[in-house]
Amino acid sequence: MALYLLPEFTLTPVATFLDTLRLAADEGDRSRPLQCSWQLVSDNPGRVRSSCGLSLGPSERPCRAEPFDCLVVAGGRTPVDFDWPPGGADLVRTALARNRTVIGLCRASYAMAGLGVLAGRRACVHWLHRGEFLDAFPDVEPVSDAVYVRDGNFITCAGGLGAVRVANWLVEHRVGLDTAVKAARIMLFDRLVDHGEAQPAA
């Protein structure tokens with residue numbers, strides 16, 4: 001899978017999503033990419049700064065959708081009027097044209113809604129930002145009573161530990177239930193959670 005980082009992405013969803021894949025990829029926690037693998041992709045040669053100040057750099061440039069089965073877009077403090085670099089926008093559109101699964105972590109739903117690819121769809125939005133999202137993107141139905149939402153080829157989550165739930169679902173359906181349970185237990189989650197579990201609210 002390809003992981004595209006938006007500026008000011010939140011680190012927790014990215015780290016927990018990738019750790020779930022890492023634990024699912026091999027026996028125990030040996031971490032060899034045998035059953036699943038991932039690369040950070042970018043059309044920018046520099047490192048991308050997260051919302052907490054840590055930065056990550058791409059392992060693949062320029063970004064291409066062809067080798068990947070799944071595209072993950074990681075957002076965070078993503079503004080409503082986010083301006084996609086041409087390569088990133090092409091990456092999303094190419095993944096959709098090739099019938100790939102596209103996953104939006106945290107506020108990546110904002111960036112993808114701004115790109116126009118979520119029109120007429122449901123997207124998971126954190127309860128804190130539901131009103132802002134609805135005002136900005138009236139053609140997208142925001143869902144804030146679930147930790148993640150699947151709609152066609154799209155999976156969106158509200159961020160935080162919701163990313164673990166998305167990764168668990170992906171592993172269960174691409175690798176197997178036993179592997180998903182194993183990865184969850186190593187990360188000290190006692191069970192897999194369906195997408196319909198409600199978000200904790202204020």
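## An aromatic cluster

Tyr-4, Phe-82 and Trp-84 come together as one aromatic cluster. This is a predicted model, where local features need pLDDT of at least 70, side-chain atom pairs count only at pLDDT 80 or more, and totals for chains, interfaces and linings use all residues. Residues are numbered from 1 along each chain as its sequence is written, and side-chain values use heavy atoms, with hydrogens and water left out.

The structure has 5 aromatic pairs (rings of Phe, Tyr and Trp, the last by its six-membered ring, with centres within 6.5 Å; planes under 30 degrees apart are stacked, over 60 edge-to-face, the rest tilted). One of them is Phe-82 with Trp-84, an edge-to-face pair at 5.5 Å centre to centre and 80° between the planes.

## A pair across the chain

Why is the pair of Tyr-110 and Phe-137 edge-to-face? Their ring centres sit 6.1 Å apart and their planes are at 90°, so the pair gets that label. It ties distant parts of the chain together: Tyr-110 is in helix α3 (residues 108-115), while Phe-137 is in the loop between α4 (130-136) and β8 (141-143), 27 residues apart. Helices here are DSSP runs of H or I with at least four residues, strands runs of E with at least two, numbered from the N terminus.

Tyr-110 counts as buried because its relative accessibility is 1%. Phe-137, at 8%, counts as buried too.

## Helix α5 and its neighbour α6

Most of α5 is covered, with 10 of its 13 residues buried. Among them are Arg-165, Asn-168 and Trp-169. The buried residues pack against α1, β5, β6, β9 (148-151), β10 (154-157) and α6. Just after α5, Gly-176 has a positive phi of about 150°.

The axes of α5 and α6 come within 7 Å and cross at roughly 150° (lines fitted to C-alpha atoms, for helices over the stretch in contact, with angles from 0 to 180 degrees between N-to-C directions). That crossing makes α5 roughly antiparallel to α6 (over 145 degrees; under 35 is roughly parallel, 65 to 115 roughly perpendicular and the rest oblique). Asn-168, Val-171 and Glu-172 of α5 meet Leu-177, Thr-179, Ala-180 and Ala-184 of α6, where contact means heavy atoms within 4.5 Å.

Methods: Buried means under 20% relative accessible area, exposed over 50%, partly exposed in between (1.4 Å probe, protein chains only).
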